[in-house]
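This briefing sets out the fold and contacts of a two-chain model. The points after the structure are grouped by topic.

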Amino acid sequence: MDSMHNPALALPALALPALALKEVSCRFKTSGSSVLALQSVSLQILAGERVALVGPSGAGKSTLLSLLNGSVSPTEGSVCMLGQWQGDTYKTVSNAQRRRLQSRIGTVYQQHHLIGNLSVIHNVNAGHLGRWPLWKALWSLVWPQQVGVARQALTQLGIGDKLQARTGRLSGGQQQRVALARVLVQDPDVILADEPVASVDPARSHDIMKILCDLAQNRTLLVSLHDVELAKTYCDRIIGLREGCILFDLPTAVVSEAQLTQLYDLEASAPY
Amino acid sequence: MKEFSRFRWQRHHSALLLWLSLLAGSVWLTGLGRVPLINWNGRSLIGQFWLAMFHPSLAGDFLGVMAEATVTTFAFAVCGTTLSLGVGLVGGVLCSRVWWHVWWPGPVGMGLWRGVRGAMAIPRAIHELIWGLLLLSVLGLDSIVGVLAIAIPFGAITAKVFAEILDETPTEPLAALINSGVRPSVAFFYGHFPQALPNLISYSFYRFECSLRAAAVLGVIGAGGLGQQILISLNALRYEELWTGFYALMLLNGCVDMWSARLRREMGFVGRMELASGKSREKSRALSRRRGSTLGATGQRAAGEKIFVMGSLGAIAIAVPLCFAHLQLDWSRVGRASILIGELAPKVSPERVLPEFSVSLLPLAVQTVAMAVLAITLAGIGGVVFSFPAAQNFFLPGGVLSSVGEDGRWSFGHVGLVSTRVILLAARAIPAPILALVILYGMFPGILPGALALAIHNFGILGRLMAEVNENLLEAPLRGLRSLGATGSGIIFYGILPTNLARFLAYILYRWEVCLRETVIVGLVGAGGLGRLMTEQLSSFDYSGLAATLTVFVLLTVAVDFVSGWMRAAVQ
C-alpha cells in the first residue's frame, strides 16, 4: 500500500517534509542469505509532526529509523533528511554535509548506547560533540564544559542530582533520562526514538513518552513502539509496518481495531 | 545439531592428536633413553646449591650491593614499562580495526590497517634478550640498552593487546555519536577510548609484572641489577650469595605481583585471556562487584579501596621520574646509533643474507619447537595441579573444597596456599638462564635441560594465572554439587575442570607462543636450537647470518602463532 497521507491536522506554519523515503528497499546480507528488511517503502513526515511507528518485531522499524538518521544507506530508493535528498538519482552528499545533517537529528536508542564508565555530565555533553572541535571535546573530559546547560537539561528530566554519577551505575530508567538529556543538549530539529519504552514498566513508559513529547515541542518526532495504546495516546499519526512494508499510514483518530489486529496477526498473508 | 557436535568432537580430537605427536617427537629429540642425560658428577655441586638455600649470605656490605641491584632492576622495569606503554598506546590505536573503520572507512583504510598490524609483528616476534644483545652491539654498554630492550618488544605486544581491547569494546556508543554527526576522531577519543580505559590500565599493570621478570633476565647479559649480581655469584660458585639474590628477586616480584593483583582486582580487572577473548568481561565485572559487595559492604572499606588506588597512582607518578633519574640514561647514544646502523646496513642486504639460509637451520628450528612443546607441556600440567591449592577460594575454610567442619584460623589449606604460592613465585621470579645453568650441574647440555628451565619458569607464571582463573569461578554450581554430597575430587572433575579447562588450555597455548620466543634465553647458555646459533652469531658479529636466523625465527613464530590460534579455537 503506497499512501502518502497528509494528516488533516493543524500543523506549524512551515510544513516542510522533514523526513521522507521514496521507493526505499533495504537488503542485509547475513552469512550467505540476504534479508529484505524494507520493501519499496515511501513515506513523508512533515516538520512538527508527532508520528508513531508500530509493528511486530522484525517488521523493519529499526532499519527505517537507521535510514532516517543516516547510519544505513538504502539498497534502492532515496532518502530525504531535513530537505536533503540522497540515493538513487541524487548526487551523494559529502561526509561533512552528512555530519551536519546528522547533528540536527537526535536519536534515542532502546539500549541507550551511553558510554558506561564516563560520568553523566560527559554523556550529556556528548550532545555538543557535533559542534565542538577535538581539543574542546578532550579538554571537556578533564574539565567539564558548559556544566550549566547539562545541569539544566538533567533537572528538566528530574535527575539533576546525578550530574557527577558514573553512568553505568545508574538504573535503566535513569540512563534513559541521561540519553534524553543528551538529545536535549544536542538540540536537534528531529528526534528519532527506537523503542524507547521497550525495557521499562507501564508507568515509566508513560513518563518517558510525556518527556519525549515535551522535548518534541517545535520539533519533529518519530518514535517506534510496540504498544499501540501509547501510540494512540501520544502521537498524531500512526504508521503500521509489517514484514518490511507499510500496512497503513493514518491519523490516529482514523486507525481502526481491524487494522491493528491485522498488523500483529502473523498468520495472515503478506499485505501485497 | 547432532552433526554439529560431531564436527566439534573431531576438531578438538585432531588438536589433541597433533599435540601428542608433537610431544612424542620432542621427547624423541631429547634422546631420552638413547644417550646419557644425567651428569652424576655434579651431585656434590647440587648438594651445595640446595644446602645454601637455608643460609643465604647476609653480610652487611653484600646486602647493600643487593639492595642497590634490586632498585636498579625495579627501575629498569618501571622505565621499560613506561616507554612500552607509550609505544603501545599509539601503536594500539593504529593497529585497531575500529580506528581505521571510523577514520578511513573503505578498502584503503583496511589495507593500511593490515600493513601496520603486520609491521608490528616483527618487533614482537624477537625476544627482549635478542633485542638487548642487538642494542648492546649498536649502542654500547649503557642502561638505555636495557630500557629499550624492554620497551621495543613489549611496546609491540602492548600495541597488539591494546588494539584487541579497543576492537572488543562495544561500539554502539561510538556508532550513536557518529550517527548524530560527530566527527569520527572526536567520537573515538570521547566515546570509545574511555570505555576501553579500565582494561587498558589493568593490562598495563600485568605488563609491568612481565617487565620486572624481563629486567632480571636482561641483567644476565650485563644490563645490571639483580640478574647480573646473581650471574656473578653463580660463576664464582658462591651459593650463599646466589640464594640472597634469589630471595631478593622473590621479594621484589612477590610485592609487585601482590600490589598489581590487588589494584587490578579493585579496578575491575579481568584475566589476560579475557582481555584477549573479551567474552566474560561483563561476567568478571559482575564478579568483582559481587565480591566488593560481600566483602566491602561498609563504606569504610570502599573508602580504603579508593585510598589504596589513589595512593598507588600517586606512587607511580613519583616513581617514574625517579627511576629514569636513577638509571642516568644516555639518550645521545640513540642519536649516535644511526652511524653504526649505517655501517650495519650493508651487512644485512639481500645478497649478503640470502646465501646464509641453509638446510642446517631446519634441525635447529625443529629443536626450538621441540623445546617449547616439552616446556609448556610440563609447565601446563604442573600449573593446573598447583592452581587449586594456590587459589584462595578452594581449600581455605569456607572455600568450595574445604571440609565442612573446618573453621580454624590456620589449617592445611593455609599451609598449602602459602607453600604453593611461594613455590610458584620462586619459579617465575628466578630468570630462566640462571635456572638452566643450575640444571646443567646435573645434566648434560641439550634441549632437555633448556626445556626444563623454561618449564619451571612458565610453570610459575601459568600456575598463578590459573589460580586467578579458579578464583574467578562462579561458585554457585560448585555449592550445588557440594550440597548433594560430592567429594572434593568429584567437584574438581564435575564442576571446576569442565568450566575452567578450556580457559586453562587457552592460557597454555598462549604461553606456548611466548615459550617459543623464550627458547632464545636458554639458548644463551647452550641449551640448543636457534637461540644458541643466534647468540653465537651475535658474539662473532656475523650480522648477515643473524639476519637469516632471525628471519627463520620470525617465520617460525608466525607458524606457531597460527597453530596455537587454531588449537585454541578447537578447544573452546
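In chain B, 78% of the contacts with a separation of 6 or more join residues 24 or more positions apart. The model is a predicted one. Chain B contains 24 helices and zero strands, and 47% of its 572 residues count as buried.

**Overall build of chain A**

- Of the contacts in chain A with a separation of 6 or more, 69% are between residues 24 or more positions apart.
- Among the 272 residues of chain A, 45% count as buried.
- A compact globule of 272 residues would have a radius of gyration near 19 Å, and chain A agrees with this because its own value is 19 Å.
- Along the principal axes, the C-alpha atoms of chain A fill a box of roughly 55 × 45 × 45 Å.

**Contact between the chains**

- Chain A contributes 26 residues to the contact, and chain B contributes 19 residues.
- On the side of chain A that touches chain B, at least two residues each come from α2 (95-102), β6 (105-108) and α4 (134-142) of chain A.
- By residue class, that side of chain A divides into 11 nonpolar, 13 polar and two charged residues.

**Packing of α6 and α7 in chain B**

- Helix α6 (residues 128-139) of chain B packs against helix α7 (residues 143-168) of chain B at an angle of about 135 degrees, and their axes are 8 Å apart.
- The crossing in which α6(B) passes α7(B) is right-handed.
- From α6(B), the residues that make the contact are E128(B), W131(B), G132(B), L135(B), L136(B) and L139(B).
- From α7(B), the contact is made by I144(B), V145(B), G146(B), L148(B), A149(B), I150(B), I152(B) and P153(B).
- The residues of this contact of α6(B) with α7(B) comprise 11 nonpolar, two polar and one charged.

**Loop residues with positive phi in chain B**

- L237(B) is not a glycine, although its phi is positive, at about 55 degrees.
- The position of L237(B) is in the loop between α10 (226-235) and α11 (239-266) of chain B.
- L237(B) counts as exposed because it has 11 C-beta neighbours inside 10 Å, where the cut-off for exposed is 12 or fewer.
- F541(B), a residue other than glycine, also has a positive phi, near 55 degrees.
- The loop that holds F541(B) runs between α23 (529-539) and α24 (543-571) of chain B.
- With 11 other C-beta atoms within 10 Å, F541(B) is exposed.

- A345(B) is placed in the loop between α15 (332-344) and α16 (350-353) of chain B.
- Because A345(B) has 10 other C-beta atoms within 10 Å, A345(B) is exposed.
- The C-alpha atoms of A345(B) and Y543(B) are 9.3 Å apart in space, while 198 residues separate the pair in sequence.

Notes. Residues are numbered from 1 along each chain as its sequence is written. Chains are lettered from A and ligands numbered from 1 in the order in which they are written. This is a predicted model: local features need pLDDT of at least 70, side-chain atom pairs count only at pLDDT 80 or more; totals for chains, interfaces and linings use all residues. Axes are lines fitted to C-alpha atoms, for helices over the stretch in contact, and angles run from 0 to 180 degrees between N-to-C directions. Helices (H or I, at least four residues) and strands (E, at least two) are DSSP runs, numbered from the N terminus. A crossing is left-handed if the near helix is turned anticlockwise from the far one by less than a right angle, and right-handed if clockwise. Two residues are in contact if their C-beta atoms, placed from the backbone, lie within 7 Å. Ala, Val, Leu, Ile, Met, Phe, Trp, Tyr, Cys and Pro count as nonpolar, Asp, Glu, Lys and Arg as charged, and the others, Gly among them, as polar. The radius of gyration is taken over C-alpha atoms; the globule rule is 2.2 Å times the number of residues to the power 0.38. A residue is buried if 20 or more other C-beta atoms lie within 10 Å of its own, exposed if 12 or fewer, and partly exposed in between; C-beta atoms are placed from the backbone.
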